[in-house]
Amino acid sequence: MWEGLDIKEIVEMAKDPYPSIKEWAERSGKKVVGSTFADAPEEVIYAFGLLPVTIMGTTKPLKRAPSHLPDNACSLARSNLELVLSYAGDVFHGFVLPQVCDTTQHLSDIWRINLPGKYVESYLAPRQVDRPSARYWVKKELERLIDSLSNWTGMKINDGELVRSIAIHNENKALLKELYELKKKNPSSLTNKELFSMIKLSQQVDKEEFNRSLRRIRDTIKPRGDSDGFTDIVLAGITCDPPEIYDLFDEIKLNVVGDTLLIGTRYIQGMVPEGGNPIDALTERHFKRGFFSPIHDDVFKNFEEMKTIYRETGAKAIVYVHIEFCESQEYDLPDLKKMIKKEGIPMHVLDTEYQTLSLSHVRTRLQAFFESLKGV
Amino acid sequence: MTEKITSKELSKKITEEYLDEAFHAHEKGKLIGYSTAISPVEIFVAHDIIPIYPENHAVANLTAKKGAELCSVVESMGYTSHLCAYARSDLAYRATGKTVTRGIPEPDLFLACNAQCFTLTKWFQVLARKGNLPLFVFDTPEFIMDKRAREEIVKYCVIQLKELISFLEEITKKKFDYDRLREVIKYSAESSILYKKFLDMAQYIPSPISIFDALIGMAIAVYRRGTPECVEYYRVLCDEIQEKVDKGIGVLPKEKEKYRLYWENLPVWFKFSDHAKLLGSYGGVILTSLYVHAWSFEFDLDKDPLVTLAENYVSRFSNSTIEDRASMALELFKKYSMNGMIMFMNRSCKAVSFAVPTLKDVLTKKTGIPALVFESDMGDQRFYSEAQIRTRIEAYFETLDGLKK
């Protein structure tokens with residue numbers, strides 16, 4: 001189902017992948033396990049013959065979520081809740097929900113209580129990463145998740161199954177990395193929307209199938225016009241939604257050459273070292289990914305990471321995407337802005353909500369920012 | 001004959017001595033450690049680090065109705081109005097020096113325990129960055145309802161407490177004294193039993209205390225636990241309240257006490273006494289909340305001190321599942337014979353408030369008691385609508401009356 005997709009089909013499917021996931025599950029007889037951001041070990045879920053799907057909100061109207069989460073709750077959390085309560089609940093047989101902040105902690109409880117009959121397991125990610133105890137805890141949580149999935153599915157997995165799953169996931173990330181590199185050098189070969197749709201869909205569909213699509217695209221991709229006239233930018237933040245934001249970037253010829261997003265580089269960075277004990281390798285991977293505000297306690301790291309990407313890629317500016325009411329970002333941003341400004345790096349902050357219907361204000365501000373940049 | 005000291009006088013004395021010591025900490029070779037109100041502060045006390053709770057200082061300013069003014073300052077610094085009013089007012093205090101108190105001493109280090117909330121961790125990160133100071137995050141995963149997982153969570157927390165001790169030893173260049181820790185926990189255990197006894201006096205009809213008394217009474221448990229003076233304070237307080245019980249003195253006279261209410265969340269600090277008067281005029285007394293019970297620890301002195309600390313701090317209501325929170329609240333409903341509930345959706349406190357709608361559903365279903373839900377902010381007056389809240393309280397009591405008929 002996902003092995004023969006061309007770029008256009010991927011973009012289309014990434015907008016609303018749930019009908020195809022449902023059809024795939026019915027056809028294959030496999031179960032679908034949803035996860036929210038971030039860091040759910042999808043390789044483990046996949047090794048059980050389940051389909052791990054990262055849930056990334058909906059642009060459809062909120063109907064039921066507001067009665068569970070108030071309007072100052074993280075826009076992504078409300079949107080995800082709405083998606084499972086109103087629009088795509090029947091797609092999922094169970095959920096593995098990482099807890100990384102107060103909101104995701106409550107979300108686990110709210111989902112469990114409101115979705116009786118579904119498998120709901122919490123993945124208690126450590127909210128500190130610099131001490132030895134964090135490594136201890138990631139490993140313990142991986143082992144607990146394996147036990148929990150075993151109890152639910154009635155299956156046991158061995159190292160071989162885990163190793164195979166890791167290889168499939170690693171290949172997916174390697175392919176995305178190659179495509180990203182191609183796009184950086186030749187922005188006309190792949191639009192921002194197309195690249196980020198591939199990364200998004202990779203987190204939602206069967207990777208063994210989807211890798212075939214990605215391989216073919218990599219082998220056949222060609223520049224589709226002039227690659228001149230693009231402005232290289234770094235995209236920073238946690239996620240970037242609604243996806244029409246990428247259309248705006250494409251429209252004003254911005255070329256994302258680096259990012260810190262969970263739906264971008266931070267996902268690709270999650271390649272698992274192969275060859276050793278798979279649980280140890282998965283544990284190690286947790287600490288190799290880039291900055292993620294809820295689990296890293298040092299915003300200087302975020303600044304250093306953004307600065308390094310900016311310098312190494314030779315980008316002209318940083319565009320920071322702020323999800324409305326993400327408390328973690330809201331505590332970091334004022335200092336981050338100051339540090340970036342002090343460094344002399346142009347930065348534009350986009351405030352977004354998952355239910356945003358009109359991006360006209362974003363377009364106007366973005367255009368004004370880049371016009372002023374050209375004038376510098 | 002010497003006059004018996006009252007709990008109010010004792011609280012004032014303990015607080016003044018504590019702040020005096022804190023303001024002169026460096027002269028005495030001691031460090032100031034900022035801490036979340038829920039955190040294993042016994043480790044600080046045992047290591048001669050003076051704990052300071054910026055939340056308490058924020059409460060003083062918010063209760064004095066300085067919230068909107070201070071919060072506006074911090075918004076001009078780029079922070080949004082959706083963040084915790086404690087954090088906003090504190091950051092504004094640091095920028096302007098404005099406070100209704102003498103202020104609080106500057107920190108040397110930070111301890112953030114996320115069993116209370118993640119907000120404090122982020123707030124402390126801002127302060128730690130500002131002063132380039134060390135911060136220790138005591139990460140307490142949600143105390144999920146699985147026995148084996150709980151055992152592992154406690155083990156993880158114990159490992160972290162050992163890391164905390166090493167962190168403090170490194171900073172102070174002083175060896176940690178476990179015997180002293182045992183002694184400190186003994187005081188905490190003793191004061192916790194007395195504090196709980198004080199809170200539980202709300203069982204009496206009429207109740208001799210309301211939640212407003214509990215909120216005043218909890219202050220010493222928050223910032224002086226682990227000390228003999230804390231034990232002494234609750235002994236005096238319990239004796240005073242017992243005297244009221246013996247004389248049949250209630251917050252309201254017995255014949256006027258119609259509604260014995262549960263409160264969910266922190267209080268609306270700047271409406272503290274207004275709410276007590278308003279509810280009282282209808283015959284309502286708020287008796288308790290899970291919030292005030294957050295400092296009712298049950299330390300087991302027979303256990304390894306780090307284990308009993310970990311078990312207690314990780315299992316606070318704010319780090320428990322909504323199902324467990326509901327069980328804790330239901331126990332209070334039964335024990336205190338409550339017949340109403342006010343569920344406050346506090347914009348400032350996401351850690352508590354995001355559970356409220358689901359908690360309300362569970363509690364109303366299990367008790368058959370309707371709930372009054374209202375949204376506001378614990379410290380920022382701009383999110384408070386007096387007329388709306390009055391109307392809703394009136395309507396709520398009418399509903400409860402209707403049920404009685």
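The C-alpha centres of domain 1 and domain 2 of chain A lie 24 Å apart. Chain A is divided into domain 1 (16-155) and domain 2 (224-375), with bounds that come from an automatic or database domain assignment. The model is predicted: local features need pLDDT of at least 70, side-chain atom pairs count only at pLDDT 80 or more, and totals for chains, interfaces and linings use all residues. Residues are numbered from 1 along each chain as its sequence is written, while chains are lettered from A and ligands numbered from 1 in the order in which they are written.

**Domain contact in chain A**

In domain 1 of chain A, 28 residues are in contact with 25 residues of domain 2 of chain A; contact requires C-beta atoms, placed from the backbone, within 7 Å. On the side of domain 1 that touches domain 2, the elements giving two or more residues are α4 (75-87) and α6 (132-153) of chain A. Of these, α6(A) gives the most, with five residues. Helices and strands are DSSP runs numbered from the N terminus (helices H or I, at least four residues; strands E, at least two). By class, this side of domain 1 of chain A has 16 nonpolar, six polar and six charged residues. Here Ala, Val, Leu, Ile, Met, Phe, Trp, Tyr, Cys and Pro count as nonpolar, Asp, Glu, Lys and Arg as charged, and the others, Gly among them, as polar.

**Nonpolar core**

The largest nonpolar core has 247 residues, and A:Val234, A:Ile318 and B:Leu261 have the most contacts inside it. Such a core is a set of buried Ala, Val, Leu, Ile, Met, Phe, Trp, Tyr and Cys residues joined through C-beta atoms within 7 Å. A residue is buried if 20 or more other C-beta atoms lie within 10 Å of its own, exposed if 12 or fewer, and partly exposed in between, with C-beta atoms placed from the backbone. Helix α8 (residues 178-200) of chain B gives the most to this core, with nine residues. Domain 1 and domain 2 of chain A both give residues to the core, so it lies between them.

Leaving aside neighbours within four places in sequence, B:Leu261 is in contact with residues including B:Gly284, B:Val285, B:Ile286 and B:Leu287. Strand β5 (residues 259-264) of chain B pairs with β6(B) in the parallel sense over four bridges, and B:Tyr259 stands opposite B:Gly284 in β6(B). Strand β6 (residues 284-288) of chain B is mostly covered, five of its five residues being buried.

**Two sheets of chain A**

In chain A, four strands form an open sheet in the order β2-β1-β3-β4, with parallel pairing; strands pair if DSSP finds at least two bridges between them. The edge strands are β2 (51-54) and β4 (119-123) of chain A, each pairing on one side only. Neighbouring strands of this sheet are turned by 25 degrees against each other on average, direction ignored. Helix α5 (residues 102-114) of chain A packs on the sheet and touches β3 (94-98) and β4 of chain A; its direction makes about 160 degrees with that of β3(A). Axes are lines fitted to C-alpha atoms, for helices over the stretch in contact, and angles run from 0 to 180 degrees between N-to-C directions.

Both faces of β1(A) are covered: A:Val32 and A:Gly34 on one side, and A:Val33 and A:Ser35 on the other, are all buried.

Another open sheet of chain A has four strands in the order β6-β5-β7-β8, again with parallel pairing. Its edges are β6 (254-259) and β8 (347-352) of chain A, each with a single partner strand, so one side of each is left without a neighbour in the sheet. The twist averages 35 degrees from one strand to the next.

| Strand pair in chain A | Bridges | Facing residues |
|---|---|---|
| β1 (32-35) and β2 | four | A:Ser35 and A:Thr54 |
| β5 (231-237) and β7 (317-323) | five | A:Gly237 and A:Val321 |

**Contact between the chains**

The contact takes 39 residues from chain B and 37 residues from chain A. Among the elements supplying at least two residues of the chain B side are α6 (118-131), α7 (147-172) and α17 (356-367) of chain B. The largest share of that side, seven residues, comes from α6(B). The chain B side divides into 20 nonpolar, 10 polar and nine charged residues.

Key
Two residues are in contact if their C-beta atoms, placed from the backbone, lie within 7 Å.
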